[in-house]
Amino acid sequence: MSALDDYVATFRGETGYLNWAAFGPLSPVVRESMHEAVETLGGWRAREHLSVYGRAADALESLALLLGAERSEVVLRPSSTDVLQHAFYGLSGTVIASASEFPSISLTLQRAADASRGELTARWIEPADGRVTTDAVAAALDDEVTAVAVSHVDYRTGYRADLAALRELIGPERLLIVDAVQSFGVVEEDWQSADVIAGHGYKWLRAGRGTGFARFSARAQERLRPVLSGITGLEADGPFSGPVPPPAHNARAFSTSVPDHLAVARLAAALDELRAVGIPGIARQVATQTDELLAIAERHSIRVAAPHDPGSRAGIVSLLPDDSDAVGAALAAGGVTATVRAGAVRVAAHAGTSAETLRMLDEALAQR
Ligand SMILES: Cc1ncc(COP(=O)(O)O)c(C=O)c1O
C-alpha cells in the first residue's frame, strides 16, 4: 500500500460525512497522540512532560517545511482568527477585503479599524459571487492601500483565489494577508506570495480546536506592529526583571502566551502525517472527490456556486437548489452531514470520503 492508501484507510468507517469545511472528525493518529500526551502530562515526572512540550518545535518545523517558510516566520496560535487579529491590529493604511469574507477577516478587520483612531481603514469590495479576483482588487487599488486580505478558498463558494496573481497585482510593497483555513493541507500551493498566512487544524487536518498557526514573512514582520505581543513574544523565554523588553524580531512577536500543549500534540501529529503522505497526493484525491460532487449536482440539475475552472476549486461545493431547506432535510434524512446556510447547501469531501458517502448524497438528492 502507498502512503496515500494508508492515509485514505484512516477514514475507515466514514459514512455520510460531507462537512469537512466546518469540522474534521479527529484522525486516528491525532486521537492517539492526544491520549499519550494526556497520560504523560498526568504523570509526576516533570522531565517526561518535556517530550510533550517539545511537540511545539516539531509542529513549527513541519509548518515551516510545508509552507516553504523560515522556522522563525512561523508561530502557533489558538485559532486563525487570533492570527488575523495580530495582523490587522498591527497594520495602518487601507486594507482591501471582500465584504462577504468569513467574519474572521471582515469582522476582525472592522474591529481593528474601529480601534485604530483613524490609522486603519477597511475598503470593502463586493465582487460578483464574492470572488476576490485580480480585477476586483485592481478596481479598488490606489496609493493608500497597504494590504489585501483574502481567503485562499472561500468558505461558501469554494472559489480559490489566485495568490500569485494577486501578489503580482499589488506589488512587493503591500502585504497579502491570507486565510488558509479552507485550503492548507488539501491544496497544492506555492505560499511564497502570502505575507501573513492564517490557518488552523480543526477541519481538513483533523486535529481538533486550538490548533491555529501562522506565517509572518520578513516583510510582514517589518510592516506590522506587534501590538498584541504577549509573554511569549519576547526574544528569550521566561520571566524578566527590570525594564520590559521589546517584542522579538521574528514571528514570535505575534504570539501572546504558551499554547495548549494538548492541542499542539494533536497538530504536530496531524502535520507528521501530512508530511509522510505529501500534500500533492491528498490534493489530487480531494480534487477528484470535488469533481464527483459536481457530477452528482449536475445529475440532479442542481445549480452550484463552485468555479468552473478546476484550478480555481478546492474541496468545497455549494449547491444552490430552489429549496435549500428541503434539500437539507433530505440529506439529513439520508444520513448525510452538510451545512445548510443562506439558501445554499455546502458539501465538502476529503481524500478519504467513501464511495458510499457519495452514493448516499446521490440518493438523498433523488428524494428531495
Ligand atoms: C475561511 C474561514 N476562516 C476562519 C474560520 C474560523 O477559524 P478559527 O476558528 O480558527 O478562528 C473559519 C471557520 O469556519 C473559516 O471557514
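1. Strand 1 (residues 74-77) and strand 7 (residues 212-216) run antiparallel and are joined by four bridges. Strands here are DSSP runs of E with at least two residues, helices are runs of H or I with at least four, and both are numbered from the N terminus. Two strands count as paired if DSSP finds at least two bridges between them. Val-74 has Arg-215 as its bridge partner in strand 7.

2. A quick word on the source: this is a predicted model, with local features needing pLDDT of at least 70 and side-chain atom pairs counting only at pLDDT 80 or more, while totals for chains, interfaces and linings use all residues. Residues are numbered from 1 along each chain as its sequence is written.

3. Back to strand 1: Val-74 and Leu-76 on one side are buried, and so are Val-75 and Arg-77 on the other, leaving both faces covered. Buried means 20 or more other C-beta atoms within 10 Å of the residue's own, exposed means 12 or fewer, and partly exposed is in between, with C-beta atoms placed from the backbone.

4. Ser-301 sits in the loop between helix 11 (279-299) and strand 8 (303-304). Ser-301 counts as exposed because it has 8 C-beta neighbours inside 10 Å.

5. Ala-342 also deserves a look: a positive phi of about 50 degrees, and again not a glycine. The loop between strand 10 (339-341) and strand 11 (344-348) holds Ala-342. With 9 C-beta neighbours inside 10 Å, Ala-342 counts as exposed.
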